[in-house]
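These are my notebook entries on one structure.

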Amino acid sequence: IKALRELALEATRYRVSSVNAWYYLAMADYQLGFTKKGLRAIDRAIRLEPDGDDLMVMKANLLVSDGCLEEALKYYDEACEIFPDDSYYIMAGRACACMGNLAAADMYYRKVKDSDILKAFGISLSKKRLL
């Protein structure tokens, strides 16, 4: 991961307009626990590609790591609007569960189309919706 970070950092120096370079730098920072640096890198990527759902999710993941769950949820929602993906709904649901809002978590989990994904994450939906 450290080598990936160094390569991504080098890439941002040579091609400041490379969304991928900023994304990989943010990803490496996320893996290394450098949340603030990762947020700065992903913000650069988002400025270059404001409709990148994967960028929104990376920002949300970094925000979760930083304890900013409500703000993270906004980015998960934005990513889902751009491209509804089952894994995005899982992450949004987990953010809600961490905030103690199980009804909202249930709502996100019910949007997942592939039940195998729910099983893989150890999520079992009750027959009744939580209120």
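I began with helix α4 (residues 53–65) and helix α5 (residues 69–82), whose axes come within 8 Å and cross at roughly 165 degrees. Axes here are lines fitted to C-alpha atoms, for helices over the stretch in contact, with angles from 0 to 180 degrees between N-to-C directions. I note α4 and α5 as roughly antiparallel to each other, a term for angles over 145 degrees. Their crossing is left-handed, meaning that the near helix is turned anticlockwise from the far one by less than a right angle. On the α4 side I list D53, M56, V57, K59, A60, N61, L63 and V64 as making the contact; on the α5 side I list L69, E71, A72, Y75, Y76, E78, A79 and I82. Contact means heavy atoms within 4.5 Å.

The model is predicted, with pLDDT of at least 70 needed for local features and 80 or more for side-chain atom pairs, while totals for chains, interfaces and linings use all residues. Residues are numbered from 1 along each chain as its sequence is written, and side-chain values use heavy atoms, without hydrogens and water.

I next looked up helix α1 (residues 2–14) and helix α2 (residues 19–32): the axes come within 8 Å and cross at roughly 150 degrees. Residues of α1 including L4, A8 and L9 meet residues of α2 including W22, Y24 and L25.

For the chain as a whole I recorded eight helices and zero strands. Both are DSSP runs numbered from the N terminus (helices H or I, at least four residues; strands E, at least two). Buried residues make up 41% of the 131 residues, where buried means under 20% relative accessible area, exposed over 50% and partly exposed in between (1.4 Å probe, protein chains only).

In helix α7 (residues 102–109) I found A104, A105, D106, Y108 and Y109 buried. They pack against α5, α6 (86–98) and α8 (115–120).

Which aromatic pair does a search of the whole structure find? I found one pair: Y23 and Y24, edge-to-face, 5.6 Å centre to centre with 70 degrees between the planes. Rings of Phe, Tyr and Trp (its six-membered ring) pair if their centres lie within 6.5 Å, and planes over 60 degrees apart count as edge-to-face. Y23 counts as buried at 16% relative accessibility, whereas Y24 is partly exposed at 40%.

Terms used:
Phe/Tyr/Trp six-rings, centres within 6.5 Å; stacked < 30°, edge-to-face > 60°. Parallel < 35°, antiparallel > 145°, perpendicular 65-115°, else oblique.
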